[in-house]
Amino acid sequence: MAVPQLATRPARAVRHRRSWAGWQFVGPFMVVFALVFLAPIAYAIYLSLYRNRLIGGNSFVGLDNYQKVLHDPQFWSAFGRVALFLAVQVPIMLFLALLVALAIDSGRLYGAGFFRVAIFLPYAVPAVVAALMWGFMYGARFGLVGNLSDFLHVQLPDPLKPSLILASIGNITTWEYVGYNMLIFYSALRVVPKSLYESAEIDGAGQFRIIRSIKLPHIRGALVIATIFSVIGSFQLFNEPSILKDLAPNAITTYFTPNFYAYSLTFSGQEFNYSAAVAVVMAVLTMIVAYVVQLRGSRER
């Protein structure tokens, strides 16, 4: 009976080494992932459960900060603003990106390579630089808008006034990310089997029928991914308001967007704990909306 036991020991050792081999490969990534992703989330949740008091210092308050967020009119005002931004800007941006991708993929656009690079180029511009550039162009006194007003001898609307500032920010983000989304759609279009186009042409299908019946169904996954990225990006809106605030102080408040509100609470109000609660609530709301978009986009028709 001793011989089979001795024979199985090397096999067990080999299996043991194999089981650890996978962890040795993914271990460095897991360590970095835990340090740069999981640890900040855990620390934010930890901070949100405390409150800094004048007497007693940092004390545990449980879910009080979250209850305060849910009844904070400034937070809901900021959330409503980015929700409106999402409902208007994202469809326009994705439609333009899809239109450009279809035009380049059609093979009928002269200089398609040039247009592909030119439209993608704004995405390579850092968001801070783009916001500064557009901010000065929006200037009604010293910027491009002001120069056009003087040249045309008319008073053009000020893009930085409170009623237009959200649309102006939407224009900046559209200019930045149309090329990025175009590249996603174009890459998905390039893998559609050419035999489907040939079959459709033999059956007498026109270009619009090919787009509706072949191209759009085959890039549905890319459309869903681009929409989810755009939803997350809209709820994380921060760079443009923070840069434009100095140019439009009356239009952009400290609670213009949820992320900007959390930033202002932290660095201006010194309310670290409440700011962490705002960030956690916003992260949960973003995940819920993104998950709903994914479910609806992945639903079989």
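Ground rules. I number residues from 1 along each chain as its sequence is written, and I take side-chain values from heavy atoms, with hydrogens and water left out. As the model is predicted, local features need pLDDT of at least 70 and side-chain atom pairs count only at pLDDT 80 or more, while totals for chains, interfaces and linings use all residues.

Salt bridges. I looked for salt bridges (a side-chain nitrogen of Lys or Arg within 4 Å of a carboxyl oxygen of Asp or Glu) and found two. Asp 105 pairs with Arg 190, the closest N and O atoms being 3.6 Å apart, and this pair links helix H3 to helix H7 across 85 residues; helices here are DSSP runs of H or I, at least four residues, numbered from the N terminus. Asp 105 also meets Lys 215 at 3.2 Å, N to O. Lys 215 lies in helix H9 (residues 207-218) and Asp 105 in helix H3, so this pair ties together parts 110 residues apart in sequence. I noted that Asp 105 and Lys 215 are both buried, whereas Arg 190 is partly exposed at 43% relative accessibility (buried is under 20% relative accessible area, exposed over 50%, partly exposed in between, with a 1.4 Å probe and protein chains only).

Core. Of its 35 residues, Val 69, Phe 75, Phe 185, Phe 235 and Val 278 touch the most other members. Helix H3 gives the most to this core, with twelve residues.

Note on methods: A nonpolar core is a set of buried Ala, Val, Leu, Ile, Met, Phe, Trp, Tyr and Cys residues joined through side-chain atoms within 4.5 Å. Helices (H or I, at least four residues) and strands (E, at least two) are DSSP runs, numbered from the N terminus.
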